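Look at the sequence and the model below.

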Amino acid sequence: MLTLEELKARLETFSPVQIEFVAQVVDSLSDAPEAEINAPGTWLTEQPDWIEYFGLPLSVHHSATTAPLGLKSFESVFQNACEHIGWRVETPESATPRFLDLAVYPGDEPVR
């Protein structure tokens, strides 16, 4: 992970266009949406770090485009948030298990 000083050093090498884009991303992260939990107490919603990590790429995506986040991109954001908090994630080896995109292991047993 980059330190703040390393990040600042990298930013010094950016073009004005890159700086403008980074500023837009920083603005979106500074005003990220807050989750409204409809089902509190589930294995997923009990993890505030997961919720925050999941919301940040969504915020950046919506700051850069008006297009909806595609299914594969949404799945990537979901998987990255799970891995960020240390959950093991397995994708199926083939498309044959219908309606199963990945198995998440927040503990010893998978949640599908």
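A crossing of two helices is right-handed if the near helix is turned clockwise from the far one by less than a right angle, and left-handed if anticlockwise. Keep that in mind for what follows. The model is predicted.

## Helices α3 and α4

The crossing of α3 and α4 is right-handed. Their axes lie 9 Å apart, and the packing angle is about 145 degrees. On the α3 side, the contact is made by D49, W50, Y53, F54, P57 and L58. On the α4 side, F74, V77, F78, N80, A81, C82 and H84 take part. Sorted by class, the contact of α3 with α4 has 10 nonpolar residues, two polar and one charged.

Two packed helices are described by the angle between their axes and the distance between the axes. Both values return for the next helix pair below.

## Helix α4 itself

Helix α4 runs over residues 71-84, which makes 14 residues. From first C-alpha to last, α4 reaches 20 Å. That is close to the 20 Å expected at 1.5 Å a residue. Just after α4 comes G86, with a positive phi of about 90 degrees.

Which residues of α4 are buried? They are E75, V77, F78, Q79, A81 and C82. An α-helix has 3.6 residues a turn, so residues three or four places apart point the same way. The buried residues of α4 pack against helix α3 (48-64). They also pack against the strands β1 (88-90) and β2 (103-105).

## Helices α2 and α3

Now take the other pair. The axes of α2 and α3 come within 9 Å. They cross at roughly 130 degrees. The crossing of α2 and α3 is right-handed.

From α2, the contact is made by Q24, V25, S28 and L29. From α3, it is made by L56, S59, V60, S63 and A64. These residues divide into five nonpolar, four polar and no charged.

S28 has its place in helix α2. Is S28 buried or exposed? S28 counts as buried because its relative accessibility is 9%, and the cut-off for buried is under 20%. S28 touches S59, V60 and S63, leaving aside residues up to four places away in sequence. S59, V60 and S63 are also among the α3 residues in the contact with α2.

V26 is in helix α2 too. V26 has 43% relative accessibility, so it counts as partly exposed. V26 and S63 are 37 residues apart along the chain. Their C-alpha atoms are separated by 9.8 Å.

## The loop between α2 and α3

L44 lies in the loop between α2 (16-30) and α3. L44 is buried, because its relative accessible area is 18% and buried means under 20%. Which residues does L44 touch, not counting residues up to four places away in sequence? They are W50, F78 and W87. W50 is one of the α3 residues in the contact with α4, and F78 is one of the buried residues of α4. L44 and P106 are 62 residues apart in sequence. In space they are 8.7 Å apart, C-alpha to C-alpha.

A35 lies in the loop between α2 and α3 as well. A35 is exposed, because its relative accessible area is 51% and exposed means over 50%. A35 and T65 are 30 residues apart along the chain. The C-alpha atoms of A35 and T65 are separated by 21 Å.

Notes
Residues numbered from 1 in each chain as written. Predicted model: local features only at pLDDT ≥ 70, side-chain atom pairs only at ≥ 80, totals over all residues. Heavy atoms only, no water. Helix = DSSP H or I, 4+ residues; strand = E, 2+ residues; numbered from the N terminus. Expected span 1.5 Å × (residues − 1). Buried < 20%, exposed > 50% of the residue type's maximum accessible area, 1.4 Å probe, protein only. Contact = heavy atoms within 4.5 Å. Axes fitted to C-alpha atoms, helices over the stretch in contact; angles between N-to-C directions. Nonpolar A, V, L, I, M, F, W, Y, C, P; charged D, E, K, R; others polar.
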